[in-house]
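Open the model in your viewer and keep the selection panel at hand. The tour begins at one residue and then moves out to the chain around it.

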Amino acid sequence: MTLLFHIGRYFMLLGEVFSKPERFRVYWRRTVEEMELLGVKSLGIVALLSLFMGAVIAIQTKTNIDSPLIPFYVVGFTVRQSTILEFSPTIISLILAGKVGSTIAAEIGSMRVREQIDALDIMGVNSAGYLILPKIIATAIINPFLIMISMFLSIFGGWMAGVLSGIISSSNYIAGVQWDFDPYIVTYALIKTVVFAVIIATVSGYQGYYTRGGTREVGISSTRAVVYSDVVILIANYLLTQLLLL
Amino acid sequence: MIEVKDLSKSFGAVEVLRGINARFGKGKVNQVIGKSGSGKSVLAKCLVGLHPPTTGEVLYDGESFQGMDKERKKLLRQEIGMLFQSSALFDSLTVMENVLFPLRMFATMSESEMRDRAAFCLKRVNIEGANSKFPAEISGGMQKRVGIARAIAMNPKYLFVDEPNSGLDPQTSIVIDNLIQEITEEYNTTTIVITHDMNSVIGIGDEIFFIHNKQLWWQGSRDELVKSDNQELQEFIFAGSLMRQVRTAMGGR
Ligand SMILES: Nc1ncnc2c1ncn2[C@@H]1O[C@H](COP(=O)(O)OP(=O)(O)OP(=O)(O)O)[C@@H](O)[C@H]1O
Ligand SMILES: [Mg+2]
């Protein structure tokens with residue numbers, strides 16, 4: 001019952017969000033600001049995670065499944081596949097849900113409890129659209145770039161770890177990365193990324209927008225934004241994998 | 001003119017307002033007074049449609065707000081200016097940008113005209129030299145004044161001000177009161193001021209509405225207020241000693 005209530009209200013909010021903006025110029029300016037705030041500022045954490053994750057996958061693969069029966073290209077291949085298929089689009093999106101989702105819910109939630117959303121409504125501004133739409137567009141544009149950077153850095157991290165520690169030769173690693181490459185998996189990853197970005201922005205926006213009470217509730221909304229974004233991303237990941245890869 | 005018909009408001013089981021009937025006249029400063037927690041802010045929010053009333057309706061120049069569709073409500077709201085009790089400035093925007101905000105959203109003027117208009121409004125509330133500061137960097141009283149500047153930016157037909165004087169020194173308080181009165185006369189706005197401040201009531205109130213015990217307990221002009229024998233009203237207004245002097249001076253008990 002309450003789940004149905006939230007789903008219903010979520011889609012009604014989306015209806016508001018996607019109704020015609022009052023002034024495109026104002027919305028666009030907000031979108032650019034959000035790209036900076038939600039995207040560019042996530043670059044550091046994404047880069048750090050990706051480098052280390054790629055490095056660990058390379059070392060794990062080498063030490064756990066190395067045997068004379070396993071071909072030389074397995075390390076590069078494994079790093080590439082796990083990075084592009086799941087690590088970058090899904091795990092990094094989950095991390096971004098934590099960082100970006102909580103920011104969105106906290107910002108909109110505190111505007112709600114401090115009557116700033118009322119102030120927007122009273123001016124005749126579509127508050128849901130004004131606050132949430134720029135965030136959806138910003139994350140949907142910027143997250144694919146973040147994820148591509150993550151892919152590159154993860155594979156590069158694998159190379160660094162493998163080659164620098166001397167467990168694999170550079171040429172073998174690169175051959176593995178290139179082995180049996182189907183570009184479709186990148187398309188698949190980017191489609192997932194965009195869907196996850198929209199989930200993060202809308203679920204967190206929803207949590208913030210319907211905050212009631214005071215600062216304590218803003219904290220609760222912010223936590224919920226992360227938890228629900230994660231759950232919805234995992235479900236969507238399962239469905240999209242079935243839909244796009246089978 | 002704003003008319004309220006049989007308006008009640010409850011939050012869940014908690015009744016805040018019951019059966020309010022009132023007319024807030026055009027070109028007048030209508031003041032709503034009452035104890036803290038009596039429901040003044042809730043009344044204002046019901047009037048502008050931020051809280052849906054539990055029963056009753058609100059008429060804007062004869063047109064029922066509850067009967068309007070979404071687009072009509074949005075258009076009407078562009079004619080409403082409101083100062084919230086909490087000021088509700090956008091804290092990611094500077095003072096100037098806050099006042100520019102409604103103009104950028106709705107006004108059909110050039111960027112420089114908008115800036116002129118915003119600067120003019122800020123000047124009217126005695127804010128100068130703080131235009132590029134953020135709300136967190138100015139005092140509560142200054143926030144109120146910026147809130148008023150934002151409320152009047154679009155030349156509203158209906159002006160709501162929730163406690164404009166709280167947090168202001170007596171001098172600035174008078175400046176703000178005079179500003180509200182001037183705007184009301186100049187633009188013939190329907191102005192509703194919520195206040196605790198008896199100086200302000202005596203200073204600019206044309207019609208006074210006293211909310212007590214969830215109801216519109218008493219209504220009348222300034223002079224009637226001072227002479228009224230209504231017990232609860234007396235208790236409320238004579239809690240401040242200045243009013244007692246005024247009453248005595250005017251020959252009351
Ligand atoms: N959103 C809400 N949900 C539930 N109860 C509310 C809500 N807003 C206000 N109330 C209750 O309504 C009553 C009146 O509140 P209101 O803010 O209108 O008082 P007020 O007359 O403006 O007081 P003050 O002079 O202190 O500003 C209070 O008891 C308050 O607890
Ligand atoms: Mg109040």
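This is a predicted model. Select Thr195(B) together with Asp197(B): the side chain of Thr195(B) comes to 2.9 Å from the backbone nitrogen of Asp197(B).

Now colour chain B by secondary structure. Thr195(B) sits in a loop, with β8 (190-194) on one side and α7 (198-204) on the other.

Is Thr195(B) buried or exposed? Its relative accessibility is 2%, and buried means under 20%, so Thr195(B) counts as buried.

Next, show what surrounds this residue. Leaving aside residues up to four places away in sequence, Thr195(B) touches Gln31(B), Val32(B), Ile33(B), Gly34(B), Lys40(B), Asn165(B), Ser200(B) and Val201(B).

Zoom out and select the whole of chain B. How many helices and strands are in chain B? The chain has 10 helices and 10 strands. Its C-alpha trace spans about 55 × 45 × 35 Å along the principal axes. A compact globule with 253 residues would have a radius of gyration near 18 Å, and chain B agrees because its value is 18 Å.

Of the 253 residues, 53% count as buried.

Then display contacts within chain B. Among those between residues at least 6 apart in sequence, 63% join residues at least 24 apart.

Conventions: Residues are numbered from 1 along each chain as its sequence is written. Chains are lettered from A and ligands numbered from 1 in the order in which they are written. This is a predicted model: local features need pLDDT of at least 70, side-chain atom pairs count only at pLDDT 80 or more; totals for chains, interfaces and linings use all residues. Side-chain values use heavy atoms; hydrogens and water are left out. Helices (H or I, at least four residues) and strands (E, at least two) are DSSP runs, numbered from the N terminus. Buried means under 20% relative accessible area, exposed over 50%, partly exposed in between (1.4 Å probe, protein chains only). A polar contact is a pair of N or O atoms within 3.5 Å; within protein, one must be able to donate a hydrogen and the other to accept it, and residues adjacent in sequence count only if both atoms are side-chain atoms. Contact means heavy atoms within 4.5 Å. The radius of gyration is taken over C-alpha atoms; the globule rule is 2.2 Å times the number of residues to the power 0.38.
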